Amino acid sequence: MVNKNLLAKYASLIVRSGVNVLKGQPVVIKCAVENYEFCRMLVKECYIYGASVVYVDYNDSVNSKNHYIYQSMEDLCDMPNYVVDKERHLIDKGICKISIVSSDPTAFAGVDSNKIQASMKVQNEKLEFVRDYTMSNRGQWVVAAAPSIPWAMKVFPNLSEEEAVDKLWEAIFSACRVDGDDSNSWESHMKTLAKNSKILNDYDFESLHFNNNIGTDLVVGLAKDNNFSGGSEERADGKVIFSPNIPTEEIFGMPSKYEVNGSVVSTKPLSYQGNLINNFKLVFENGKVTHYEAKDGYETLKNLISFDEGSCYLGEVALVPDKSPISAMNILFYNTLFDENASCHLALGNSYSMNIKNGTSMSKEELSERGANFSNVHVDFMFGSSDMMITGKTKDGKLIEVFRDGNFVF
């Protein structure tokens, strides 16, 4: 049985530290239908904290799979104008967004990948302004998680459904630091991430060199005026601080689009388009993926890399110590929100403008000049390891050790 007190603390963390709802601000909650009880807690918490109105947008992976199977390609790619108008209306109202992920990592196994790809392209292109709203921090947003039975059984296959769900809740509470006695543990963690971000920014690195014994040998050039960030972020207008990922252990920055060279080997599976990609390798030349291979999920990986012009370039580089609490759990979550916080990772696709100094106020042209990448996708994949070595190169040519044996040296 899930601990109700911890559940309440978790809901409060999402609302008060995650999106940090302002008094009189509207909220949108996106959540799976099976998590309706937790969603109700979030709705109440939002109102208690001062939200003017809370909109709930439920989703159902079973229905989505049936849509992909039975609808024609034409119908799948027909997005009505009212859907776009609804999203524009919400953004015009200055919403903050809470996304609760709980999907089965293999929800769409066996579905025609061409249908998924085509449908996603239409959605991402027509709703590009929604992604820009969040990735430019024009409004607060947070991604958190709640268990579903399929996800819990994937993580804990030897338990009963009830036991697996309870066990996954326990892991989520621990990863999000709500299971301890210290009521300020989240705030203290945010300060630690901010401190490490400042150390990296003070070095003003030109590039980072990643190397381990399983095949990763990658040099990631950093964008001009790169700004490493971690933990809490500031809304673009400077009026509110929020935490967009719960949990989070990463310090992340912006790669320079055309200055990534070498090979990277994955260390954890990636769930994308409802399918798993496992044991894969990417080769970069002048920023672009020029070769890729995968033991499992090759076609899904191909769909990701070929999604659009920018999906074969990097949009994020993130440093996560191997000794992070999530890594110490030794649990494979099959969910990027958690697995990316147990491992250094990269993201194919769109860059975050906030990873450029004053970037949230810049035009696309200005961001592009500094090395930003643009795409309708942003997909993180994990490549960290216990033997990862990272060396930073400063603009005056000095080599600085950043990681040794998978962890920060400072």
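**Sheet, surface patch and salt bridges in a predicted model**

Glu 87 is buried, at 8% relative accessibility. The structure is a predicted model. Glu 87 forms a salt bridge with Lys 30, with 3.9 Å between the closest N and O atoms. Lys 30 lies in strand E1, and strand E1 belongs to an open sheet of 4 strands. The points below cover the sheet, a nonpolar surface patch and the salt bridges.

**Sheet**

- The 4 strands of the open sheet follow the order E2-E1-E3-E4, and their pairing is parallel.
- Strand E2 (54–59) and strand E4 (141–145) are the edge strands, each pairing on one side only.
- On average, and with direction ignored, neighbouring strands of the sheet are turned by 15 degrees against each other.
- Strand E1 (residues 27–32) and strand E3 (residues 96–101) run parallel and are joined by 4 bridges.
- Val 28 has Lys 97 in E3 as its bridge partner.
- Helix H1 (residues 4–19) packs on this sheet, where it touches E3 and E4. The direction of helix H1 makes about 155 degrees with that of E4.

**Nonpolar surface patch**

- A nonpolar patch on the surface is formed by Val 33, Tyr 36, Val 56 and Tyr 58, which together have about 310 Å² of accessible area.
- Val 33 sits in the loop between E1 and helix H2 (36–48).
- Val 33 counts as partly exposed, because its relative accessibility is 35%.

**Salt bridges**

- The model has a count of 13 salt bridges.
- Lys 30 is partly exposed, with a relative accessible area of 22%, whereas Glu 87 is buried.
- Lys 198 and Asp 202 form a salt bridge with an N to O distance of 2.8 Å. Both residues are in helix H10 (residues 185–203), and because they are 4 residues apart they are separated by about one helical turn.
- Lys 198 counts as exposed at 51% relative accessibility, and Asp 202 counts as exposed at 53%.
- One network, joined by salt bridges that share partners, contains Glu 128, Arg 131, Asp 132 and Lys 364.
- Within this network, Arg 131 forms a salt bridge with Asp 132, and their closest N and O atoms are 3.7 Å apart.
- Arg 131 counts as buried at 14% relative accessibility, while Asp 132 counts as partly exposed at 23%.

Key:
Residues are numbered from 1 along each chain as its sequence is written. This is a predicted model: local features need pLDDT of at least 70, side-chain atom pairs count only at pLDDT 80 or more; totals for chains, interfaces and linings use all residues. Side-chain values use heavy atoms; hydrogens and water are left out. Two strands pair if DSSP finds at least two bridges between them. Helices (H or I, at least four residues) and strands (E, at least two) are DSSP runs, numbered from the N terminus. Axes are lines fitted to C-alpha atoms, for helices over the stretch in contact, and angles run from 0 to 180 degrees between N-to-C directions. Contact means heavy atoms within 4.5 Å. Patches are made of residues with over 30% relative accessible area and no salt bridge: like charges are joined within 9 Å, nonpolar side chains (Val, Leu, Ile, Met, Phe, Trp, Tyr) within 5 Å. Accessible areas come from the Shrake-Rupley method with a 1.4 Å probe; for residues, only the protein chains shown count as cover. A salt bridge is a side-chain nitrogen of Lys or Arg within 4 Å of a carboxyl oxygen of Asp or Glu. Buried means under 20% relative accessible area, exposed over 50%, partly exposed in between (1.4 Å probe, protein chains only).
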